[in-house]
Amino acid sequence: MSVPLTRDDVQKVAMLARLKLSDAELDLFTNQLGQVLEYVKMLNEVDTDTDAIEPMVHVAELRNVFRDDELEKSLSRVESLANAPKTDGQFFLVPPIMEGT
Amino acid sequence: MSITGLTAAELLRRMEREELSCVEVTQAHLDAIDTHDQQIGAFLHVDADTALAQAEAIDRKRQSGESLGSLAGLPVAVKDMLCTKGQTTTCASRMLQRFVPPYDAHVITLLKQSDAVLIGKTNMDEFAMGSSTENSAFKITRTPWNRDCVAGGSSGGSAAAVAASMAPLAIGSDTGGSIRQPASFCGVVGLKPTYGRVSRYGLIAYASSLDQVGPFANDVHGAALLMQTIAGYDRRDSTSVNIDVPTFTKTIGKPLSELRIGIVREHFAEGLHVDVESAIQTTLDVYRSLGAKIRDIALPHSRYAVATYYLIASSEASSNLARYDGVHYGDRADQFDKMVDMYAASRGEGFGAEVKRRIMLGTYALSSGYYDAYYLKALKVRRLIQSDFDQAFQNVDVIASPVSPTPAFRVGKLVDDPLAMYLSDIYTISANLAGIPGISVPAGISSDGLPIGLQLLAAPFEEERLLRVAHMFERETEWHKQRVVLESN
Amino acid sequence: MHFSTIIGLEVHVQLLTKTKIFCGCANRFNPRNPNVQTCPVCLGLPGSLPVMNREAFRLSLKTAMALNCQITRFTKWDRKQYYYPDLPKNYQISQYDLPFSSDGWLEIETESDGSSAFQTDSPLSASSKTKRVRLIRVHLEEDAGKNLHDESGQGADSQVDLNRAGTPLLEIVSQPDIRLPQQARAYLEELKLLLNYLAVSDCNMQEGSLRCDANVNLHVQTDDGEIIPTPIVEIKNLNSFRGVELALNYEIKRQIEQWKQTGQKLGDVEKETRGWDADREVTFAQRGKEEASDYRYFPDPDLVPVSVSEELIETICSEMCELPAARRCRFQLEFQLSNYDAMVIIGQGRIFADYYEQVANVCGDGKQAANWVTQDVLRELNDRQITIDEFPIRPPELSALLTKITGNEITTKSAREIFSELLVDMGNGDEGKEISGARIDQIIDQKDLGIVSDVGQLDAIIAVAMGRNKKAVADFCDGKQTAIGRIIGEVMREVKGADPKLVRKMIVDKIGS
């Protein structure tokens, strides 16, 4: 955590996030994200170990929310495909998927 | 007084008495949009024909003696983050500029059932990421009080629409202050409900454990009216809480005797604009005059709220926005090599800078090797922030604070300094982390003529108390009656 | 040098719920009609939210309990993030660090434990023919949609069908306890049988309701007793139980060759993924992933955790039907069946075993019932391509028939004739004609199949037959035991229902006297 964020790091994260960045963006974001990460380090000041603080994902302590196994109306195929950037009327179409893509 | 600028209650009264028809009311607000919105930029889409058709239908219903919903004939502007069936819903993003949802958000269904007229979809920061509505892919929204200043964000469009009398009511969403802060910048009432009060089904997700839908109005009564219409359990949202919704409008007029108001010393420190500080102090005096006791409380972990929020929100957002890839919906890039490239190119083109920043921050915080130090750590501090509030509410009924360190800032001032922008959320953000309700009510005008809001916070599911306390203040002052005078386009 | 094979299986089964795991779309195999069983939730449309299917969770608990797993009292779902066109949200809702169950086992029958050379740490049951395969975990997640690639190789677009997206999926991960390809197959078959008994899944590999990946490597034991593990290979794209066995057989041979050539040890290279080519019957290297997947698991904020109560566990326990392994044992004990017969009966599924049990209980002779059910009935089911519940001779009637045999009213041979006749009724379009006990009696009369036990009547006929066959009698007295066969045959022809054993006895007695 003490090593500053490098351009390379940002490149890797952009890849993980499937974001194509220009060189200018890479530089800008390395700088800006670096600042934010520096800032959030302040959380290290908070002792969350002594009392073993539990992480809080949900604010309301809801449990056991289920729905019954009953059929509901599906969308028609036309509706499902309506927003597809490319379709043949039956399927969503994407460029050929190759191994490792 | 002209039709626009009337409160929701006043409009309902006149329509009930048939002094005004729904069509007249809708038309008047459509005219206001036509006349003023070019300067303000509150709306992304307005479908006048559909709105008038809705209004006509309600007039007909009234004529035939059918029973009408609680919002009958009231124009409501909706943040373009809620899915409206058959109408584009863009989240102010190029990625969704052509997206037409095949379904209505739960809140939209409720609005339709209550006979509201959905007058248009409002501008926002892209995917709700921002505090100024400068991050929209399409336009900037300005506060109607000063064209050089931002409306606040991310629900800037909805706040500005109400402030400019283009709609008496509007719907926004609040993840870190995105209703309360624009309400403050625009001089209107904005309410963030308790997490789980209002269904998120159909609200395009930014940060799932923080997002809530809430109302904007000219006055507390309007906010209460809209709030009781949209609140309630929805079985399609697993985080929706099954709890009764009080009829808020019935009780807002009842003041709280022996009101205890908590204030946090640290809030009134450096960085707080002098006019904001003085406005809040004046507000506290008003409450004192009504018999309230002002108490110092401590929220020891509040200084960590911004860091905690940005780690959690960005992490959730990085995941919620992963679906935008141009495969099943959304914009697909024209040029790319193979699949991986298609995803990266589509997303690179479709998202603005702030969205990309937060996606990357979140991806980083969740990635192997960093998860414990960033995301998990933030979740733990979140629990401490929530327990600070639990503690505080043992001793006070509401907490009062500024909404924002400054009134509306100039367009362009913070947009290149993300961290500075994040830090401006300091007062509002904790409420989302803790899931508690909060309201912003107009409480003053700065020396530059910009509105200043007062924030009140209450314990979970205590919206009724919040509204009553807000109303106590409103009754003693005239801030909510001020309507900004607008030039024509 | 000795090679031991270490095999672990990761199985995904689709649950038999009416609807998908997080939405009310139909959970049905429907490849001919793409993208009609979809909604905002399973399409991953902006603004959609998941809500857990109660029945999916209940079936999951039931399965895990039948697999002897520990059920965690607090469980949650996590997002597993990766990008693929069949994954609409670009994350799969799965379970990461708090799966609802763990540490179970499944026993299989095996001819050998495959560990003759040295000890394994896999526990064996008391019977050397039963092997216990331990399970690491069983968890509940959602299935992705289906990608269809352009087979022509001309680079046309791939097609995505999201009908399957959101189907509830149980992931069952075994410890690498399996030692032989045959055991892997046995494991899958036993698992399928179990899930069939529980009515949890139909485990149809062809339709994709059961999918299996195998992890396999070798433990090489050198002459000085050192054990060297080789790199682990994951085999994907297995599409039949037989395929699993063949693939493993092939892979093991390949790995042995590989070891001999390269001497690579576990850790020297990355885990390899290979696909199974069912046509050429080989495994082939698949191009490695471009970057190691960082799934960035985190708890799904749209779903809330589940607390499993004691009451729920007890309810499911009490509703649990008798599981195959237990039923096999009981049949062997209660009906004095051989292990083989018990396996055949149980192996045909729960309803078949129910049928057998009814017959056995009513006719009172378990072994006889087993013979008839596993031979005559099963043969008819296979020939006619019907299931046991479509079989027209119901347990009461079959029992009645068998009871007549044991009661010496008819011979086994006659019974078979009656059995055929009853089925002919069915073939003649007499489906409406009820196969009843009365009908059996009717056939017995018509064909004169009743065993004649009237000794006096028989006596007379025997005397006549003996008179006609004096040479046969003489031969018999000379020691040719089989000579009286002729006489028996004649008597049988005269009196169809005669009990041949009785006739023989009477002839012998007569000769003797």
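**Ground rules**

I am working with a predicted model, where local features need pLDDT of at least 70, side-chain atom pairs count only at pLDDT 80 or more, and totals for chains, interfaces and linings use all residues. Residues are numbered from 1 along each chain as its sequence is written, chains are lettered from A and ligands numbered from 1 in the order in which they are written, and side-chain values use heavy atoms, with hydrogens and water left out.

**Entry 1: chain B overall**

I looked up the secondary structure and found 16 helices and eleven strands in chain B; helices (H or I, at least four residues) and strands (E, at least two) are DSSP runs, numbered from the N terminus. The radius of gyration of chain B is 21 Å, close to the 23 Å that the globule rule gives for 489 residues, so chain B is as compact as a globular protein of that length. The radius is taken over C-alpha atoms, and the rule is 2.2 Å times the number of residues to the power 0.38. I noted a C-alpha box of roughly 65 × 55 × 45 Å along the principal axes of chain B.

Of the 489 residues of chain B, 70% count as buried. Buried means under 20% relative accessible area, with exposed over 50% and partly exposed in between (1.4 Å probe, protein chains only). In chain B, 76% of the contacts with a separation of 6 or more are between residues 24 or more positions apart; a contact means heavy atoms within 4.5 Å.

**Entry 2: chain C overall**

For chain C I found 16 helices and 18 strands. The radius of gyration of chain C is 31 Å, well over the 24 Å that the globule rule gives for 513 residues, so chain C is more spread out than a compact globule. Its C-alpha trace spans about 95 × 60 × 55 Å along the principal axes. I read 53% of the 513 residues of chain C as buried.

**Entry 3: Thr84(B)**

I found Thr84(B) in the loop between strand E2 (75–79) and helix H4 (106–113) of chain B. Thr84(B) counts as buried because its relative accessibility is 2%. What does the side chain of Thr84(B) make a polar contact with? The partner is the side chain of Lys121(B), at 2.8 Å. A polar contact is a pair of N or O atoms within 3.5 Å; within protein, one must be able to donate a hydrogen and the other to accept it, and residues adjacent in sequence count only if both atoms are side-chain atoms. Beyond four places in sequence, Thr84(B) also has contacts that include Pro101(B), Tyr103(B) and Ile108(B).

**Entry 4: Gly130(B)**

Gly130(B) sits in the loop between strand E3 (117–122) and helix H5 (156–163) of chain B. With 6% relative accessibility, Gly130(B) counts as buried. I noted that Gly130(B) and Val355(B) are 225 residues apart along the chain, yet their C-alpha atoms are separated by 8.9 Å. Among the residues that Gly130(B) touches beyond four places in sequence are Ser178(B) and Arg358(B).

**Entry 5: His58(A)**

I found His58(A) in the loop between helix H2 (23–40) and strand E1 (66–67) of chain A. Is His58(A) buried or exposed? His58(A) is buried, with a relative accessible area of 13%. The side chain of His58(A) reaches the backbone oxygen of Leu303(C) at 2.8 Å, and a polar atom of that side chain lies 3.3 Å from the backbone oxygen of Pro301(C). Not counting residues up to four places away in sequence, His58(A) touches residues including Asp300(C), Val304(C) and Pro305(C).
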